[in-house]
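Biologist: I'm new to this one, and I'd like to learn how to read its features. Could you walk me through them?

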Amino acid sequence: MAKETVYNKIEEGHDYNALTAGNPAQRFWQRNKFGNVIKKVDFSKSVLDIGCGPGVLFYLANPTGKATGLDNAGKQLNFARKLNKDAE
């Protein structure tokens, strides 16, 4: 049986929910945080997101290269798989 982690206690899709339905400060923070990363990464190549959470980075970046996300929170990975059908 998998060890329960603090990350599995965070609501499924937390970053996505904050990005789309959070209060204005949360939405600003999420868009700014991910926007800064998107500017610096070439998403036409293979990208590995370690600690991908609910997959918001790939959702916003819409990568054309291979996108792989890793996370130790099963609930977040399940959400990321639903949000990003083409990512691994």
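Predicted model: local features only at pLDDT ≥ 70, side-chain atom pairs only at ≥ 80, totals over all residues.

Biologist: Is Ala 73 buried or exposed?

Modeller: Buried counts as under 20% relative accessible area. Ala 73 has a relative accessible area of 0%, so it is buried.

Biologist: What about aromatic rings? How many aromatic pairs are there?

Modeller: The count is 3 aromatic pairs. Take Tyr 16 and Phe 79: the ring centres are 5.5 Å apart and the planes meet at 50°, so this pair is tilted. Tyr 16 is in helix H1 (residues 14–21) and Phe 79 in helix H4 (residues 74–83), so the pair ties together parts 63 residues apart in sequence. Phe 79 has 15% relative accessibility, so it counts as buried.

Biologist: And how are the rings of Phe 43 and Phe 58 arranged?

Modeller: That pair is edge-to-face, with 85° between the planes and 6.5 Å centre to centre. Phe 43 is in the loop between helix H2 (24–40) and strand S1 (47–50), while Phe 58 is in helix H3 (residues 56–61), so distant parts of the chain, 15 residues apart, are linked. Both Phe 43 and Phe 58 are buried.

Biologist: Which residues form an aromatic cluster?

Modeller: Tyr 16, Tyr 59 and Phe 79 form one.

Biologist: Now helices. How do I read the length of H2?

Modeller: Compare its span with what you'd expect at 1.5 Å a residue. H2 has 17 residues and reaches 25 Å from its first C-alpha to its last, close to the expected 24 Å.

Biologist: What caps the N-terminal end of H2?

Modeller: Asn 23 does, with a side-chain oxygen 2.9 Å from the backbone nitrogen of Ala 25.

Biologist: How should I think about side chains along a helix?

Modeller: An α-helix has 3.6 residues a turn, so residues three or four places apart point the same way. For a case here, look at Lys 33, in helix H2. A polar contact of 3.3 Å joins its side chain to that of Gln 30. Lys 33 is partly exposed, with a relative accessible area of 27%. From Lys 33 to Thr 68, 35 residues apart along the chain, the C-alpha separation is 19 Å.

Biologist: Last one: how do you find pockets?

Modeller: Rolling a probe the size of a water molecule over the atoms shows where empty space is left. Here the largest pocket has a volume of about 230 Å³.

Biologist: What lines the largest pocket?

Modeller: There are 15 lining residues, and Asp 15, Gly 51, Gly 53, Pro 54 and Asp 71 lie nearest its centre. By class, the lining has 7 nonpolar, 5 polar and 3 charged residues.

Methods. Residues numbered from 1 in each chain as written. Heavy atoms only, no water. Phe/Tyr/Trp six-rings, centres within 6.5 Å; stacked < 30°, edge-to-face > 60°. Helix = DSSP H or I, 4+ residues; strand = E, 2+ residues; numbered from the N terminus. Buried < 20%, exposed > 50% of the residue type's maximum accessible area, 1.4 Å probe, protein only. Expected span 1.5 Å × (residues − 1). Polar contact = N/O pair within 3.5 Å; in protein donor to acceptor, adjacent residues only side chain to side chain. 1 Å grid on protein atoms, 1.4 Å probe; cavity = no way out; pocket = protein on both sides within 12 Å on 5 of 7 lines; lining within 4 Å. Points joined across faces, edges and corners; volume = space filled by probe spheres on them. Nonpolar A, V, L, I, M, F, W, Y, C, P; charged D, E, K, R; others polar.
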